[in-house]
Amino acid sequence: MNPEFEHLYQALSKVDGFIYPNEIELSWSILIVLYPFITGLVAGAFILASLERVFNVKSLKPTYVIALLTSFAFLLVATMPLIFHLGQPLRAWEIMMTPHLTSAMAIFGFVYLWYLMIVLLLEIWFDYRYDLVLWARESKGIKKWMYKALALGSDDISPKSLKLDDKLGYIVTVIGIPSAFLLHGYVGFIFGSIKANPWWSTVMMPIIFLFSAMVSGIALVMVLYIVINHLRKQKIDMLCLDTIAKYLFYIIIIDFTMESLDQIHRIYEAEESFEIISLLISGHLNFTLLIMQVGLGMFLPLATLGIIQFYKPEEKLRKLIYFITGILVLIGIFFMRWNVVIGGQLFSKSFLGFTSFKLSLIGPEGFLMASIWLVVPFFILAFLLWLFPPWKKTPVEH
Amino acid sequence: MPLHLKRLLLTGIVIISLFLLLKHALTPESFGQYGHYRGNSMNEIAALPIHFVGNNSCVSCHDTIVSMKSEGYHSDLSCEGCHGAGYKHVGDPKMEQLIKPDSREFCAKCHDINLARPEKAVTQKELKEHHSDQKCVKCHNPHQP
């Protein structure tokens, strides 16, 4: 318990109207906002990669490996906000050691592991194995041993085994698509299944989370592709970028439709929770929902990407527009997570009052802590790009 | 089967056995004694210090206030609801003073007009108009209002 709340007076000054005592303080704050955000980036980036591999969208080839490595870098960090949110981070492993089969969160641990170990690691490994062997032959010193260990000491690059690798990699990707859907659909399920909370409890939640995940993951890879090429002073493949933007546009439309459907459904049903939810949207969430999530994060990107489908400005300008749009989409999806996680805790389940939330700068649940977990994946990605440079890979036909 | 796939399979088996081994080693001994949790935790939690000690702990030293309160309108309120957690004060009353919440805002948290709060539960007054220049405790004894 927050020590200042040992006194009723301070506690009540956060509250409007009537609220149950356990609702005064938000127990899930910004770190729990980050968790679905980061997991969404993982699933979204992976789905973009599988567009190339499984659905044969050849123009996306330059981003295939970047998308996989991005997905991997973010997946490594996805659980960190959760673990650091726990009052007892050193007990985090208990969820795996003594799993409770009726606990949604415990099962998430296994869904996560499945995705990390069976899908992502294997797919990246099969994709890189040929290069690992080659690099192990060429490099010297510690790098040589690293590549050698990662190739599991095998030197076998006969055409037959490469063909087998390719086949197995393909199978893993095919398994990977439903797994990516499962991973992020599951995050939506964790919220959607809380039936006491009318802001969360909707069967649409997994689907909405899934499509918003794809939106954010694709936007992230698009931005990263622009940045990486800029840093490496390489000419960007505009066809690839245009294709990503096209898919981004389509998926934002689907995402927008799903979320609107959900809201329309709520408005038409107008259950007893409707009044407090409309107060929530017009009051506490009006900035983060109407302006950040819907305005900047959805309408503006839809408009710019939509216009670009018909009228293409010259490359430099187009690149800039894609870059800014990508960032806006990422901000928008971040605030979508914010509105779900924070919004769902702001109103009383008596439907008679609100509490309030103020993000602190420092502290274990503060802004700085959250920024760290948002920046770390980029460092991991930079390291991965250094160790496994996609541009030094030998091109193979899948 | 090519060599690298054999090694991959082996790595997988090693990881899974490591997990099972860890699971065996790290599951606490008293786990599952009563249910899906560590049996020992019951005693450990019971041994934690109690912050809110309850009205009966105040009787031995503040008996007049306790009996006064029990006859007034505030009889249902707990001392610590207004004064804050008393666990330190009870042990060392001279050094650990409790809060005396004598501001108008404090009483207003419960007694101001609030449409969401049933009038039956607590009497509400338009406090902006009720002797707004003075503290409530000037006229109302908080222990017997």
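## Helices α3 and α6 of chain A

Axes are lines fitted to C-alpha atoms, for helices over the stretch in contact, and angles run from 0 to 180 degrees between N-to-C directions. With that in hand, let's look at this predicted model, starting with a helix pair in chain A. Helix α3 (residues 61-78) of chain A packs against helix α6 (residues 104-138) of chain A at an angle of about 150°, and their axes lie 11 Å apart. Angles over 145 degrees count as roughly antiparallel, and α3(A) and α6(A) are therefore roughly antiparallel to each other. The crossing in which α3(A) passes α6(A) is left-handed.

Who does the touching here? On the α3(A) side, the contact residues are Y64(A), V65(A), L68(A), L69(A), S71(A), F72(A), L75(A), L76(A) and A78(A). They meet Y112(A), Y115(A), L116(A), L120(A), L121(A), E123(A), I124(A), D127(A) and Y128(A) in α6(A). Sorted by class, the contact of α3(A) with α6(A) has 15 nonpolar, one polar and two charged residues.

## A closer look at Y112

Y112(A) has 10% relative accessibility and so counts as buried, since buried means under 20% relative accessible area.

Leaving aside residues up to four places away in sequence, Y112(A) touches L75(A), L76(A), A78(A), T79(A) and L183(A). Among them, L75(A), L76(A) and A78(A) also belong to the α3(A) side of the helix contact described above. For a sense of scale, Y112(A) and A245(A) are 133 residues apart in sequence, and their C-alpha atoms are 28 Å apart in space.

## Helices α6 and α7 of chain A

Helix α6 has another partner to look at. α6(A) and helix α7 (residues 141-150) of chain A pack with their axes 8 Å apart, at an angle of about 145°. Their crossing is left-handed. From α6(A), the residues making the contact are W125(A), L132(A), W135(A), A136(A) and R137(A), while α7(A) brings K144(A), Y147(A), K148(A) and L150(A). By class, this contact of α6(A) with α7(A) has six nonpolar, no polar and three charged residues.

## Helices α12 and α13 of chain A

Further along chain A, how do helices α12 and α13 cross? The axes of helix α12 (residues 286-310) of chain A and helix α13 (residues 315-341) of chain A come within 8 Å and cross at roughly 150°. That angle makes α12(A) roughly antiparallel to α13(A). The crossing of α12(A) past α13(A) is left-handed.

The α12(A) side of the contact consists of T288(A), L289(A), M292(A), Q293(A), L296(A), G297(A), L300(A), P301(A), T304(A), L305(A) and I308(A). Facing them in α13(A) are R318(A), I321(A), Y322(A), T325(A), L328(A), V329(A), I331(A), G332(A), F335(A), M336(A), W338(A) and N339(A). By class, the contact of α12(A) with α13(A) has 15 nonpolar, seven polar and one charged residues.

N286(A) is also part of helix α12 of chain A. N286(A) has a relative accessible area of 35%, so this residue is partly exposed. Not counting residues up to four places away in sequence, N286(A) touches L280(A), I281(A) and I291(A). N286(A) and I66(A) are 220 residues apart in sequence and 36 Å apart in space, C-alpha to C-alpha.

Most residues other than glycine have a negative phi. Which value does phi of N56(A) take? Phi of N56(A) is near 60°, a positive value in a residue other than glycine. N56(A) sits in the loop between α2 (30-53) and α3 of chain A, and with a relative accessible area of 49% N56(A) is partly exposed.

A270(A) is not a glycine either, yet has a positive phi of about 45°. Look for A270(A) in the loop between α10 (238-269) and α11 (274-282) of chain A. A270(A) is partly exposed, with a relative accessible area of 40%.

## Over to chain B

The domain assignment of chain B gives domain 1 (3-46), domain 2 (50-99) and domain 3 (101-145). Taken over C-alpha atoms, the centres of domain 1 of chain B and domain 2 of chain B are separated by 47 Å.

K88(B) counts as partly exposed, at 46% relative accessibility. K88(B) and F52(B) are 36 residues apart in sequence and 9.7 Å apart in space, C-alpha to C-alpha.

Methods. Residues are numbered from 1 along each chain as its sequence is written. Chains are lettered from A and ligands numbered from 1 in the order in which they are written. This is a predicted model: local features need pLDDT of at least 70, side-chain atom pairs count only at pLDDT 80 or more; totals for chains, interfaces and linings use all residues. Side-chain values use heavy atoms; hydrogens and water are left out. Domain bounds come from an automatic or database domain assignment. Helices (H or I, at least four residues) and strands (E, at least two) are DSSP runs, numbered from the N terminus. Angles under 35 degrees count as roughly parallel, over 145 as roughly antiparallel, 65 to 115 as roughly perpendicular and the rest as oblique. A crossing is left-handed if the near helix is turned anticlockwise from the far one by less than a right angle, and right-handed if clockwise. Contact means heavy atoms within 4.5 Å. Ala, Val, Leu, Ile, Met, Phe, Trp, Tyr, Cys and Pro count as nonpolar, Asp, Glu, Lys and Arg as charged, and the others, Gly among them, as polar. Buried means under 20% relative accessible area, exposed over 50%, partly exposed in between (1.4 Å probe, protein chains only).
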